[in-house]
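Please keep the viewer open while you read.

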Amino acid sequence: MNITTKSLKHCELVSVTGRIDSATSPQLTQALDALTKNNKFKIVLDMSGVEYMSSAGLRTLLATQRQCRRYNRGEIVLAAVPQNIKDILELAGFTDIFKTYDDVISAVGSF
Amino acid sequence: MRTQIFLADFSNLHQMREFVAQAARDAGFDEQEIYAVKLATDEAASNIIEHAYKEQQGGQIEITCQVHSDGLAVILHDHGLSFNPQRVRKPNLRAKLSRRSIGGLGLYIIYQLMDEVRYQSDPETGNVLTLFKRKRGDE
């Protein structure tokens, strides 16, 4: 798994590539925690390069969303989610909790 | 039938997924079904590592794949602590963000993705979790 973080004018763009499972999710948690600890609560997660995600990834996303939404200070939104991962988000009832956008540009534009 | 033994460690999850993916591919499953078999196996193995072995080093998970005419059986065998699947609470998928609990989600995903889930536990021979995925078109 590879993670890059970029500060944009109105939000943070986090791009993840590879596989998110119980072995790698702590790395993603760390990257997202680093942002929220720095009071960055508007986050776009670019998932176009994610090949695979288990419930370990869902757990990370849920914890981050809780941090971001607190006091209405922001949120984490998902961009370019591959279909098989979208299916699991739906299965797990996560589509109400996370806004998803077809591409990074529209996700960034939502802030 | 093919069997492989893996060390019960999160770092081996990828190899476990690839092992069952190959069996699913050979059984003629499509990409979506292969993804489902990989994910269900990952969730099951992650639960074994986390709860049965309590993330202690040295435990093993033996995975067996059996191709049947109507689908694929993935059998996970471990010697960790047993659990009662009936006692795992179903996650409330409609709960608000602040009340959403992540516990039980892995098991819920397994039940949603697989057509049959069986669990047997024996103090001497260990725990056996059998996941069966039916091939589409055979339903």
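This is a predicted model: local features need pLDDT of at least 70, side-chain atom pairs count only at pLDDT 80 or more; totals for chains, interfaces and linings use all residues.

Residues are numbered from 1 along each chain as its sequence is written, and chains are lettered from A and ligands numbered from 1 in the order in which they are written.

**The sheet of chain B**

Chain B holds an open sheet of five strands, ordered S1-S2-S3-S5-S4, with antiparallel pairing. Strands here are DSSP runs of E with at least two residues, helices are runs of H or I with at least four, and both are numbered from the N terminus. Two strands pair if DSSP finds at least two bridges between them. At the edges sit S1(B) and S4(B), each pairing on one side only. Neighbouring strands are turned by 15° against each other on average, direction ignored; axes are lines fitted to C-alpha atoms, for helices over the stretch in contact, and angles run from 0 to 180 degrees between N-to-C directions. Eight bridges join S3(B) to the antiparallel S5(B), and Leu76(B) has Leu129(B) as its bridge partner in S5(B).

**The helices of chain B**

H1(B) lies across S1, S2 and S3 of chain B, at about 10° to S2(B). H2(B) spans 30 Å from its first C-alpha to its last, close to the expected 32 Å, a value given by 1.5 Å times one less than the number of residues. Of its 22 residues, 18 are buried, meaning that 20 or more other C-beta atoms, placed from the backbone, lie within 10 Å of the residue's own. After H2(B) comes Lys54(B), with a positive phi near 50°.

**Where the chains meet**

Two residues are in contact if their C-beta atoms, placed from the backbone, lie within 7 Å. By this rule, 20 residues of chain B touch 19 residues of chain A.

H2(B) gives the most, with six residues.

**A helix pair in chain A**

The axes of H1(A) and H2(A) come within 9 Å and cross at roughly 10°. That makes H1(A) roughly parallel to H2(A), a label for angles under 35 degrees. Residues making the contact include Leu28(A) and Leu32(A) of H1(A), and Ala63(A) and Cys68(A) of H2(A).

How values were computed. Angles under 35 degrees count as roughly parallel, over 145 as roughly antiparallel, 65 to 115 as roughly perpendicular and the rest as oblique. A residue is buried if 20 or more other C-beta atoms lie within 10 Å of its own, exposed if 12 or fewer, and partly exposed in between; C-beta atoms are placed from the backbone.
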